[in-house]
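Student: I've got a model to go through with you. Can we take it piece by piece?

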Amino acid sequence: MIEKLEEIKLKALDEVEKCNDEASINNAKSKYLGKKSEFSEIMSSMGKLSSDEKREVGAKSNEVRTIVTEAFSNRLKTIKDLELNKKLENDKIDLTLPSKKRKRGTKHPLTLVREEIEDLFISMGYDVVDGPEVDSDSNCFEMLNLPKGHPARDAQDSFYITQEMLLRTHTSTMQVRSMLANVDKKPFKIICPGKTYRRDDDDATHSHQFSQIEGLVVGRDISLSDLKGTLLLLARKMLGNDRDIRFRASYFPFTEPSYEVDVSCFNCNKKGCPMCKGTGWIEILGCGIVHPNVLENCGFDHNKYQGFAFGIGIERVAMLKYGITDIRNFYTNDYRFLNNFDRKEM
Ligand code: PHE
């Protein structure tokens with residue numbers, strides 16, 4: 001019996017090596033150790049043996065069962081590993097393949113400029129406020145010291161919706177709205193970015209719809225030097241750290257004195273070039289000290305309070321900053337144009 005068991009062991013071990021899948025292992029297992037196997041027969045005939053023989057045959061059969069079972073499970077593991085490796089090999093991912101490019105949107109250049117200006121003023125404690133594009137004649141003109149029939153109204157040919165309502169011609173409407181909204185008549189600082197509309201014929205430098213950022217500071221002891229310092233920071237932040245600014249006397253009915261502000265040409269640095277039309281300077285905004293009439297119209301005592309205000313064209317800054325020569329590019333949504341403004345600014 002011992003010999004028989006040894007023979008079973010050797011045969012089984014021999015067959016294990018030939019098994020190549022799980023099914024053949026299971027078959028071989030039942031063939032050598034299953035109920036109908038020679039091994040089982042030996043086990044069931046053990047009762048007839050003497051106790052000495054029983055001990056001997058029992059030990060041998062345990063040995064054979066352990067070794068053979070182990071051999072089968074090792075083989076099974078090897079087969080599974082081989083299968084897995086084969087699968088991995090077939091499903092191989094080529095990490096060197098270039099990825100599929102996902103199209104990402106980019107911020108519009110006008111948004112980039114607006115956000116950059118907002119960041120600067122937020123850092124100086126200004127509130128960013130928003131207001132309606134359709135506003136009253138009163139907020140747009142009357143309260144800003146431009147009574148009906150005032151010659152400056154002609155300069156801003158406007159889109160009227162009714163006799164009293166129009167598309168705002170400038171964001172200066174927000175000067176009136178913010179002063180009126182300030183019921184406590186306390187000092188405040190705001191900027192207001194937004195769309196504005198004028199009856200212009202569209203060409204490379206004019207658009208009937210464009211955008212401005214209005215700035216207004218009302219407080220005690222506000223002077224021209226505050227305005228100058230603020231606008232110098234603005235010019236440098238937007239157009240380069242070594243920019244200078246200069247103030248040219250101008251006229252707006254709602255500021256007195258009024259100025260147009262030029263920034264030193266960033267292309268030639270004041271030497272004179274085609275960009276600045278040979279002058280070395282480029283006009284960027286209008287501003288001034290808030291007119292006492294406007295303060296009074298909006299409920300601020302002009303003997304106690306002063307203010308400065310400015311209005312800057314976002315398109316103008318973007319055109320200068322990015323070298324854009326046709327304002328219409330901002331509105332036609334042509335990807336070939338917009339894709340030039342990648343995320344480097346963000
Ligand atoms: N509202 C003026 C314009 O549109 C600009 C401006 C704003 C001037 C504030 C002075 C003060 O041209």
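Predicted model: local features only at pLDDT ≥ 70, side-chain atom pairs only at ≥ 80, totals over all residues.

Student: Is the peptide bond from Glu-256 to Pro-257 cis or trans?

Tutor: Most peptide bonds are trans. Omega from Glu-256 to Pro-257 is near -5 degrees, though, and that bond is cis.

Student: Which residue is the bridge partner of Arg-248 in β7?

Tutor: Strands of a sheet pair through backbone hydrogen bonds, either parallel or antiparallel. β6 and β7 (residues 255–264) pair in the antiparallel sense over seven bridges; two strands pair if DSSP finds at least two bridges between them. In β7, the partner of Arg-248 is Glu-260.

Student: Which are the edge strands?

Tutor: The open sheet has seven strands with mixed pairing, in the order β1-β4-β5-β9-β8-β7-β6. Edge strands pair on one side only, and here they are β1 (127–128) and β6 (245–252).

Student: On to the ligand. Which strand gives the largest share of the shell around the ligand?

Tutor: The ligand is surrounded by 14 residues, counting a residue as near if one of its heavy atoms lies within 4 Å. β5 (209–219), β8 (281–290) and β9 (306–313) each supply at least two of the shell residues. The largest share is three residues, and it comes from β9.

Student: How far is an oxygen atom of the ligand from an N or O atom in the side chain of Arg-198?

Tutor: Polar contacts here are pairs of N or O atoms within 3.5 Å. A ligand nitrogen is 3.1 Å from such an atom in the side chain of His-170, and a ligand oxygen is 2.9 Å from one in the side chain of Gln-212. For Arg-198, the distance to a ligand oxygen is 2.8 Å.

Student: How much of the ligand's accessible area does the protein cover?

Tutor: Accessible areas come from the Shrake-Rupley method with a 1.4 Å probe. On its own the ligand has 320 Å² of accessible area, and the protein covers 92%.

Methods
Residues numbered from 1 in each chain as written. Heavy atoms only, no water. Polar contact = N/O pair within 3.5 Å; in protein donor to acceptor, adjacent residues only side chain to side chain. Helix = DSSP H or I, 4+ residues; strand = E, 2+ residues; numbered from the N terminus.
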